[in-house]
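Q: I would like a close look at one part of this model, namely its charged side chains and how they pair.

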Amino acid sequence: MSEIASFFNENGYYLARGVFSPEEVAELERDFDRIVRQLMQSEEQINARWKGPEVEKLGALDTIVYHTHQVQQYSAVWHRALMHDGFLDIVEAILGPNIVLHHTKLFHKPAEKGAPFPMHQDWPYFPTEKDTMMAGVIHVSNATDEMGCFRLYPGSHKRGRMTGTWGQSVSEILLNEYPIEKATVLEAEAGELATLVFCDRERGKYLEILWRLACGGPRVDMRTASLVARRILAEEFASDERVASGWLGAAPAASDLLVFQRPEGGVALLPYADPDLELTAKIAALGDIASFDRDGLAAYLGRVYDREDETRERHIVALYGLAALGQPVLTEIQSVADRPDLSVKEKLYTCLALAALGDEEKARSVFASVLQAFGDRIGPLMRLDVSKDREEVIAATSLAAVIAAQLAMPEREFLLEYLLDNTPLEELNHLELALYLQEAVPAAPSEVASFIMEPGGTEVRLEPGETYTCVRTAEDLADLRFREVHGS
């Protein structure tokens, strides 16, 4: 019997540390927050606070715990977490190899108003013949006693099923033998190990978003953006060894992406879908990052442009894709740019097409008119205020950020900050972020930096473009300090 199983059998619980990397935890937290926002915008009853005398005794009648079921159906990120090798290894050590997922739940307790759960047994809610059901909790934030972490009585599971212990009615057993005040406090941290990555400030600010994109996903935009992010991490942060060591899992293979390219040459969001014009154009703009048939892309985009029954907007999007593939369409694009009645979206795609073929002067002129009419600066953020619909604003701002990055305009950072602060719920912008980073990271200024890291006196010197990576525990971080810092 493994040490994990022995501990669990004796105590009735096991606290696994370092199962998920800090990057994985951060990605889980971001998608957790997205789901919570979605729930709060719905009209469903999402407060799962318990009722009854035990809850009243805790003074919790005016508290909240947001919840939903089957989180893996809302999020590919959380689906991957449930299939994570490290997570399943812990489960298998306790239950054995025959593992079945019964259900999942999301619980979010707001600060100061988070609802507590009284002491209880879960068996009355999920009775099983052999008592083989086990709850596994993934923390995406630190769980301290002050924040309302778990409390339990080690070894109490050996008493087996106890009647009336479901927590929402008076129980003499719980009241007298298992008062919550005397229970063992089980604190946990999100991401028990921390990977520290040191580089110059200008490039370092892109690391978080690179790791987020590198995680990938089931859709072609997610997989393609993952390849772009991994390539940038390998080329621009060469001393960072996490990609090679497999922290993110295997990169998408070329064959995995080819299934998204339909026989007519265009690329579909999912293998069974129809080709998507804007998606195809953006993938064309990313270059040879994936093994798509570029002749097929050009043929599909050319057919869209040649069809007289297509809208002007689709013609312009097709021109962008053709320009990105190096096709001789500059005069057509310049002619479009001179039209006085272009919509905002048409202007943005025209700018992208002009920049792709090197006419930066005209691209700047068209883009400047868009920023003047719709640019909305909010502190360090900037958006294109083109609609009352939040998703349309994010979509337009995403294209604007790519243009600003390609033209090396100062607005690029403000536009990116808005995108990082506003995640779309429907039309994801992975490819726009990948296009932005493909331009911005290699162009970021870099300088020599050095410092000494304590405890241990580790001397680090970073030449322009170099990166230093190390792993530290939570205890290490508490004592971490730096001296003789030079550069930024």
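Which residue forms a salt bridge with Lys205, and how far apart are the closest N and O atoms?

A: In this predicted model, Glu202 forms the salt bridge with Lys205, and the closest N and O atoms of the pair are 3.0 Å apart. Glu202 counts as partly exposed because its relative accessibility is 27%, and Lys205, at 40%, likewise counts as partly exposed. The structure holds 21 salt bridges, and a second one is formed by Glu432 with Lys282, where the closest N and O atoms are 2.7 Å apart. Since Glu432 lies in helix H20 and Lys282 in helix H12, this pair ties together parts that are 150 residues apart in sequence, and both Glu432 and Lys282 are buried.

Helix H20, which spans residues 430–443, also contains His430, a residue that is buried with a relative accessible area of 17%. The C-alpha atoms of His430 and Ala225 are 5.9 Å apart in space, although the two residues are 205 apart in sequence; Ala225 is one of the buried residues of helix H9.

A further salt bridge joins the side chains of Glu310 and Arg307 at 2.7 Å, N to O, with Glu310 counting as buried at 15% relative accessibility and Arg307 as partly exposed at 35%. Salt bridges that share partners also link Arg312, Arg339, Asp341 and Glu346 into one network.

Notes:
Residues are numbered from 1 along each chain as its sequence is written. This is a predicted model: local features need pLDDT of at least 70, side-chain atom pairs count only at pLDDT 80 or more; totals for chains, interfaces and linings use all residues. Side-chain values use heavy atoms; hydrogens and water are left out. Buried means under 20% relative accessible area, exposed over 50%, partly exposed in between (1.4 Å probe, protein chains only). Helices (H or I, at least four residues) and strands (E, at least two) are DSSP runs, numbered from the N terminus. A salt bridge is a side-chain nitrogen of Lys or Arg within 4 Å of a carboxyl oxygen of Asp or Glu.
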